[in-house]
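I open this notebook to keep track of what I look up in a structure that is new to me. The entries follow the order in which I looked.

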Amino acid sequence: MIDLDDQATKDFLHSGCALLISTVGRNGQPRAGRAWGLTVVDAEAGVLRLLLEADDPVTVANVRAGNAIAVTATCVTDFQSIQFKGRGLTVEDLTPADEAKRDQYSADFLQDVYLVNGYPMDVMQRWAGRPVVPCHVVVDSAFDQTPGPSAGVAIDRGNA
Amino acid sequence: MNADDLGLRDLRRCFDGRIPAVVATASASGVPNITHLSLVHEVDNERLALSNQFMSKTSRNVAENPQASLLLVDPVSFSEYRLILRYERTDRRGPVFERLRDDVDKVAALSGMRDVFRLRSADIFRVESIEIVRDFDVPPARASRLQNAGLTACADLAARMSRCGDLGAMVTVALEGLDELLAYRHSSMMLLDEQGQRLFTIASHGFPVEGVGSEIEVGDGVAGAAALTGRPVRVGALHQMQRYSDAVRRAFEREGAVGPGQDIPLPTLDHPESRLAAPAMVKGELIGVLVVESPLVVAFDDEDEAVLTMVATLIAQMAQLERAEQDAADPPAVPQAVEAVADEAAEVHVRFFPEDGSIFLDGNYLIRGVAGRVLWSLVQRHVATGQREFANKELRLDKSLDLPGFRDNLDTRLVLLKRRLEEREAPIRIERTGRGRFRIDIAGTLRLEAHD
């Protein structure tokens, strides 16, 4: 498993990279979603705090139930991607720090998208300020998800 | 918009590649996987095809568990949709596969990865439901180019082109007319080389750098793909596709499957978003490729393909006509010595490298290949005999040019050389003096130097 205490890894995960979430329901149905901020809470234990979309009750319920989760972080500018696998732990109460985190993440993410694609910022701002629900997940494995022949290769401390 | 009323046809803009789709799958044991997708195609109003180049985990998952979840974003309104999919089959041939393969080839061509980046299969999914994640208004659509300019503009351009006496003039008139009459602000014309393996830029319009003489391999980039397939090729989200293509290329470079790429100084905008290349063909044979660019995303559509194909065809016909005229031209007159050029004081230093035919004028790179060898032959003759008037036919007899015996493209090489000399404001110029004849003007005294 990748070293979550590594500063470069932390910087990447705390940046404006695109955050994709997949959970799985009891019937095996995967569900794709987005997160609006990620914080490494406990690097040693692999605990991440994710800001899920509040208007996606299925994903929130899957996390609350402790179901399996995949989290992919993709750099908007060069598609470098890491995918974590783990499971849901808890759904937390929203704090002012979470809202600040969401606002900062949204600004960073949309700015990166703007810089590389030049979409009108006023249109992209439609995505900013979404209601979020914080949750904790624990991850125990990481994979290179960058498009190309190495996609899916496990990342360990040695090859991160 | 009501989700119950939505069909895939209502989501068409989501499939143009500007914003990557996201697919989530899960293994039989319930381990999820989520990844970006470069290409999603609408098969019909109920089915989608996902390209499979590297999605080994996704493919393995749907073989075990056919359920999938897809996120799509409308690149105009930023509305987002979540689709529940069920895997049906995998196509490795047939029309859906072919369509996806064309698009994968476009991405591969952007970074010179045609040999390694290939579509393996097209995974076909049935759409079980469409959920609107967020719904926003769509700005009004812009009017098409032909609605603005009208068919009369096309006819006017064709008429202007038909009045041109040679290929060089016609290409200039075509590119300027595309801008003036039809608002294609940025365009270039590339011609196929004698071996049919490379395209070289003969003229450009509206770019920061003219790029005359720049080359690409057939198959590389949007223009190369149009040359390879003989069909128009357009990309409407060039920046996004280029970034994806670059990411894949870097991954292949790390694996050692491909070497570092070359920088090709083609005429291009600083931040192009859309590029359309139309093949110039006559008698079923490729002559070259006409290319237009725009800084706007998805700037070109089917109508633009039609307009550019028409203009490219006219240029191809002129190239063919010139070639036929050259073949029928009178034998060359015996070279006659002429008076030395006017400005004896200035020295023009011409360095030639036979290995690749490259020519440097006063220390500055000019051109290479056949065009370089042609110029070297001309200046050698001028220095030896004072000759300034030449016939194309006598050049064809010059074995040092290494021209193929059939369809040598010499005429277009001369047009290229003439334009390159003008672009570089060189002290040597070429002027056409009649059918199959031309003159070189030299502002100075030549000093020739060949490097073995």
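I began with chain A, which along its sequence follows the pattern α-β-β-β-α-β-β-α-α-β, made up of 4 helices and 6 strands. Helices here are DSSP runs of H or I with at least four residues, and strands are runs of E with at least two, numbered from the N terminus. I noted that this is a predicted model, in which local features need pLDDT of at least 70 and side-chain atom pairs count only at pLDDT 80 or more, while totals for chains, interfaces and linings use all residues. Residues are numbered from 1 along each chain as its sequence is written, and chains are lettered from A and ligands numbered from 1 in the order in which they are written.

Next I looked up burial in chain A, where 39% of the 160 residues are buried (20 or more other C-beta atoms within 10 Å of the residue's own; 12 or fewer is exposed, in between is partly exposed, and C-beta atoms are placed from the backbone). Of the contacts in chain A between residues at least 6 apart in sequence, 67% join residues at least 24 apart, a contact being two C-beta atoms, placed from the backbone, within 7 Å.

I then checked Phe79(A), which sits in the loop between strand S4 (68–74) and strand S5 (81–91) of chain A. Its phi is near 65 degrees, a positive value in a residue other than glycine, and Phe79(A) is buried, because 23 other C-beta atoms lie within 10 Å.

Turning to where the chains meet, I found that the contact takes 36 residues from chain B and 32 residues from chain A. On the side of chain B that touches chain A, H7(B) gives the most, with 10 residues.

For the largest nonpolar core I recorded 78 residues, of which Ile202(B), Ala223(B), Val289(B), Leu290(B), Val311(B) and Ile315(B) touch the most other members. Such a core is a set of buried Ala, Val, Leu, Ile, Met, Phe, Trp, Tyr and Cys residues joined through C-beta atoms within 7 Å. Helix H8 (residues 302–328) of chain B provides the largest share of this core, 9 residues. Setting aside neighbours within four places in sequence, I see Val311(B) in contact with Leu157(B), Ala174(B), Leu178(B) and Leu290(B).

I also looked at a helix pair, helix H4 (residues 151–162) and helix H5 (residues 167–182) of chain B, which pack at an angle of about 160 degrees with their axes 9 Å apart. Axes are lines fitted to C-alpha atoms, for helices over the stretch in contact, and angles run from 0 to 180 degrees between N-to-C directions. H4(B) is therefore roughly antiparallel to H5(B) (under 35 degrees is roughly parallel, over 145 roughly antiparallel, 65 to 115 roughly perpendicular and the rest oblique).

Which strand of chain B holds Ile367(B)? I placed Ile367(B) in strand S16 (residues 364–367) of chain B, and Ile367(B) is buried, with 26 other C-beta atoms within 10 Å. Ile367(B) is 153 residues from Ser214(B) in sequence, yet the two are 8.8 Å apart in space, C-alpha to C-alpha.

Last, I looked up Asp362(B), in the loop between strand S15 (358–361) and S16 of chain B, where phi is near 50 degrees, a positive value in a residue other than glycine. Asp362(B) is partly exposed, with 16 other C-beta atoms within 10 Å.
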